[in-house]
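Subject: Structure for you to look at

Hello,

Here is the structure I promised to pass on. Please open it and keep it beside you as you read my notes.

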Amino acid sequence: MDELKFRRQAYEDPHNQDPEFVAQMQESAENQAFVAELKSLNAKLTHALKVDVPEDLADKLILRQQLQQHHKQRRQTGFLVAMAASIAFIVGISFSLLRLGPVDLAEHALAHVYHEGVALQVDQNVNFSQVNAQLASLKNLGHAKFTEQPGKVYYTSYCDFQGVKSLHLVLQAEKGKVTLFIVPIEKRMVLDNTFADGKYQGMGFEAGDAYILLVGKDKTDLSFVKDEIKNTFI
């Protein structure tokens, strides 16, 4: 067994009793120390994970996993960085601490689109007065509202941007549908004017006391909806 295969198996299961693995471990004190260190880390992780599980933990873990997967694609991380990210994910940082860190709005917007794919399949035929009623319940938006119907609205729902209650809409554009997020502005948020991954294009801008994020498959559709928002949202 070569050194790389040995280390991979050690990361996967430091308690591995495969004869070839055990023989490789016993070949050197360094290998023995490496496996012992991983066993110690596993024990610490097991102890750290023995905590009460919040009711909404499953949803938060799914969304966090989507964010991490997208983050890996954008930065094209190698094997070692991916392994470190996995360990960091297992160890975790408490959700209360995560809410204090910077919020990459682009990554959150893309993750929400993937995680809530059903939003692109339904037709609730939403009236702008219903959207205004939802906007009124968001904090720090002042009197933000739509003055008229911003085109066809298929879907509306609340969503969470790292602890900030926001609004998730799906609108008709010229060629297809565009997902729209209205997020109350906070200083810790980071807004990109444009962003993208392998499937979607994105656009961000400010409107009053809100960050507006648009996600779709066609740039012209994003521009079309941006014009609609600027003409109807105050």
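Which residues does H112 touch, not counting residues up to four places away in sequence? They are L63, C159, D160, F161 and F181. Please note that this is a predicted model.

Now place H112 itself. It is found in helix α7, residues 105-115. H112 has a relative accessible area of 3%. Buried means under 20%, so H112 counts as buried.

Next, go to the helices at the start of the numbering. Two packed helices are described by the angle between their axes and the distance between the axes.

Take α1 and α2 first. Helix α1 covers residues 3-12 and helix α2 covers residues 19-26. Their axes come within 10 Å and cross at roughly 110 degrees. The two helices are therefore roughly perpendicular to each other. From α1, the contact uses E3, F6, Q9 and A10. From α2, it uses F21, Q24 and M25. By class, that contact has 4 nonpolar, 2 polar and 1 charged residues.

Then compare α1 with helix α3, residues 29-48. These axes also come within 10 Å, but they cross at roughly 25 degrees. That makes α1 roughly parallel to α3. The crossing of α1 past α3 is right-handed. On the α1 side, the contact is made by E3, F6, R7, A10 and Y11. On the α3 side, look for E30, N31, F34, V35 and L38. By class, this contact has 6 nonpolar, 1 polar and 3 charged residues.

Best wishes

Methods. Residues are numbered from 1 along each chain as its sequence is written. This is a predicted model: local features need pLDDT of at least 70, side-chain atom pairs count only at pLDDT 80 or more; totals for chains, interfaces and linings use all residues. Side-chain values use heavy atoms; hydrogens and water are left out. Axes are lines fitted to C-alpha atoms, for helices over the stretch in contact, and angles run from 0 to 180 degrees between N-to-C directions. Helices (H or I, at least four residues) and strands (E, at least two) are DSSP runs, numbered from the N terminus. Angles under 35 degrees count as roughly parallel, over 145 as roughly antiparallel, 65 to 115 as roughly perpendicular and the rest as oblique. Contact means heavy atoms within 4.5 Å. Ala, Val, Leu, Ile, Met, Phe, Trp, Tyr, Cys and Pro count as nonpolar, Asp, Glu, Lys and Arg as charged, and the others, Gly among them, as polar. A crossing is left-handed if the near helix is turned anticlockwise from the far one by less than a right angle, and right-handed if clockwise. Buried means under 20% relative accessible area, exposed over 50%, partly exposed in between (1.4 Å probe, protein chains only).
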